[in-house]
Amino acid sequence: MITGELKNKVDKLWEMFWTGGLTNPLDVIEQITYLMFIRDLDKIDGTRQKDSVMLGTPYTSMFVGRENLKWSVFRDKPAEFMYQTVQGEVFPFIKGLNGDKSSTYAKYMDDAIFKVPTPQLLEKIVTSLDDMYAYMEQLPDKQDVRGDLYEYMLSKLSTAGTNGQFRTPRHIIRMMVELLDLQPGDTICDPACGTSGFLVAAGEYLKEHFLDEIFYSKDDKAHYDSMMFTGYDMDRTMLRIGAMNMMTHGIANPHIVYKDSLSDQNTDTGKYTKILANPPFKGSLDYDIVSTDLLKVTKTKKTELLFLALFLRMLKNGGRCASIVPDGVLFGSSNAHKAIRREIVENHRLEAVISMPSGVFKPYAGVSTAVIVFTKTGAGGTDKVWFYDMQSDGFSLDDKRTPLVTSDIPDIVARFHAQGEEASRARTEQSFLVTKDEIVGNDYDLSINKYKQSAYVEEEYPHPLEIIAEINELEKEITAGLAELEAVLRG
C-alpha cells in the first residue's frame, strides 16, 4: 500500500477533480484511467521505436503524421490549446485504436468520454500526473508501486456510498485466493469482476509463489499475460477500470469482456480450473433473460443462487471455487435455496463454509456473509464440511474499520490447509468438521449456528444468606457514617 509523499500526491490529484466539479469517484478514476492510458501510449510507442532501431526490425509509429497527439508534445502547450487537442483529437484517436493490434489497451477505450470540464483543470491534472510518474520512476520497484497506486485510487470507492458495492475488502480477497492453492497452469475466472480485485490478487499470489516458473518460461508467461485471467462485467466503466487495474499490476493483455454472465450470451462450460467471485446479491432477474441451463439446476430469479449454478457449469471437473455468498444462501428454505445446496453437497464436493461478521463490508453495507469453497466433481465427494466462525478480520466492525492487532484470517488459512487436524475440534470452538449425513439430515442447512454449540461455564455464587449478611454489614457502615456526618453538621 502506498504511503507518504506518493499518497499525498494522489490525494491532491483527487482533490483537483473534486474542486473542479467531478465528484463521482467512478468518474474520477475513469478520467485518470484515460489519461494514464494516453500517457502510456506515448511511452510504449517511444520504447518500440528504440527497440526497432536496436534490433533492426521494422516499426511504424502509431503517431505518424499526428505527433501533436503525443502526451510529451501537448503537455507543454498552453492550457486552452491542450484542452482542444485532448478533447477534439486525442480522444477520437484512442477510440479509433480498437483495430490496432499493437495496443492492448485500445479495446477498453472505444467508448471513452472526456469529462474534464475546463482547460485549467486539465493543465493541473497533466502536471500532477507527470509529477507522480517522475516520483514513481525514482522508486526501486516501479511496477508494484504503480499497481499499488491504482489500488489506492480504487480504495476510495469503498468510502463513496453505494459505489462501494464494487469493492471487496482486499484482505478478504487475499484470504480467498490463498484458500484455492493457485498453480501456474490454472485458468482463473471472475464472472462478476468489477474492478478485477480477485484477478489482480490471484496474479500477485502467483508472482509471489511461482515467479521463476512463470516468468522464465515463454509459454507460461504468454499464458499469464493473456489467457490465464478472464473477467466479465456488464458495466463498461468497470471493464475499463478493471482492465487498467490488471495492466498496472503487470498482466499485459487481460481478457476482460463485456458480458451478461447469467444469460445465454455466456456459453462457457467446463472451461476454468479456478473461480473467485463476490457476485451481486440483491438482484432479481426475469426468467426469459436467464440461461436455461442454470434454471434447470435451481429455478429462481435470485442472482446469488443463479451465480452458484453458473460457477458449477463454468468449472472444469476438478476445478475449484471460492465465492462470497449472503447468509440467506446457507439456510434459505425455498425450493431454489435447497436445490442449489443439494446440488453442491450431493453432486460435487463442498469443502468449507467460513462465516464472516456483518461488519466486514462496512461502512457501506452491514450484510452478513460467508465464503464457501467447493470442487466440481459431477460425481459427489462431500464427506465432511469444514466450518469456521470468523470473529475478526483484522479491523473493527464499525463504520470506521480501524486496523486491529489480531485477525482470524491467518488461522483460517492455516487450518483450512490442515483439516486432518480438525477432527478432534469440539463444536464449541471456532472451527470444526460436520459430516455430510448430518447436513443432509438438516435439510442441507449450511448455517454455522445450526452446528456450533455454545460453551457454558459454570459460575459459583455466594449463598443468599451470605449476601444478606454482607448487605447488613454495608447498611451498618452507612448508618454509622451518616451519624458521624450529622454530628459534624450539628457542630
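I started at Phe-91, which is buried (under 20% relative accessible area, 1.4 Å probe, protein chains only) because its relative accessible area is 3%. This is a predicted model, so I kept local features to pLDDT of at least 70 and side-chain atom pairs to 80 or more, while totals for chains, interfaces and linings use all residues. Residues are numbered from 1 along each chain as its sequence is written, and side-chain values use heavy atoms, with hydrogens and water left out.

Next I looked up Trp-386 and Phe-416, an edge-to-face pair with 5.9 Å centre to centre and 65 degrees between the planes. For Phe, Tyr and Trp (its six-membered ring), a pair needs centres within 6.5 Å, and edge-to-face needs planes over 60 degrees apart. Trp-386 sits in strand E8 and Phe-416 in helix H15, so the pair ties together parts 30 residues apart in sequence. Helices (H or I, at least four residues) and strands (E, at least two) are DSSP runs, numbered from the N terminus. Trp-386 is buried at 0%, and Phe-416 is buried too, at 6%.

What does the side chain of Asn-245 reach? I found the backbone oxygen of Thr-195, at 2.9 Å. Asn-245 belongs to helix H10 (residues 236–248) and counts as buried, at 0% relative accessibility. Leaving out residues up to four places away in sequence, I listed what Asn-245 touches (heavy atoms within 4.5 Å), including Tyr-150, Glu-151 and Val-200.

Notes
Buried means under 20% relative accessible area, exposed over 50%, partly exposed in between (1.4 Å probe, protein chains only). A polar contact is a pair of N or O atoms within 3.5 Å; within protein, one must be able to donate a hydrogen and the other to accept it, and residues adjacent in sequence count only if both atoms are side-chain atoms. Rings of Phe, Tyr and Trp (its six-membered ring) pair if their centres lie within 6.5 Å; planes under 30 degrees apart count as stacked, over 60 as edge-to-face and the rest as tilted.
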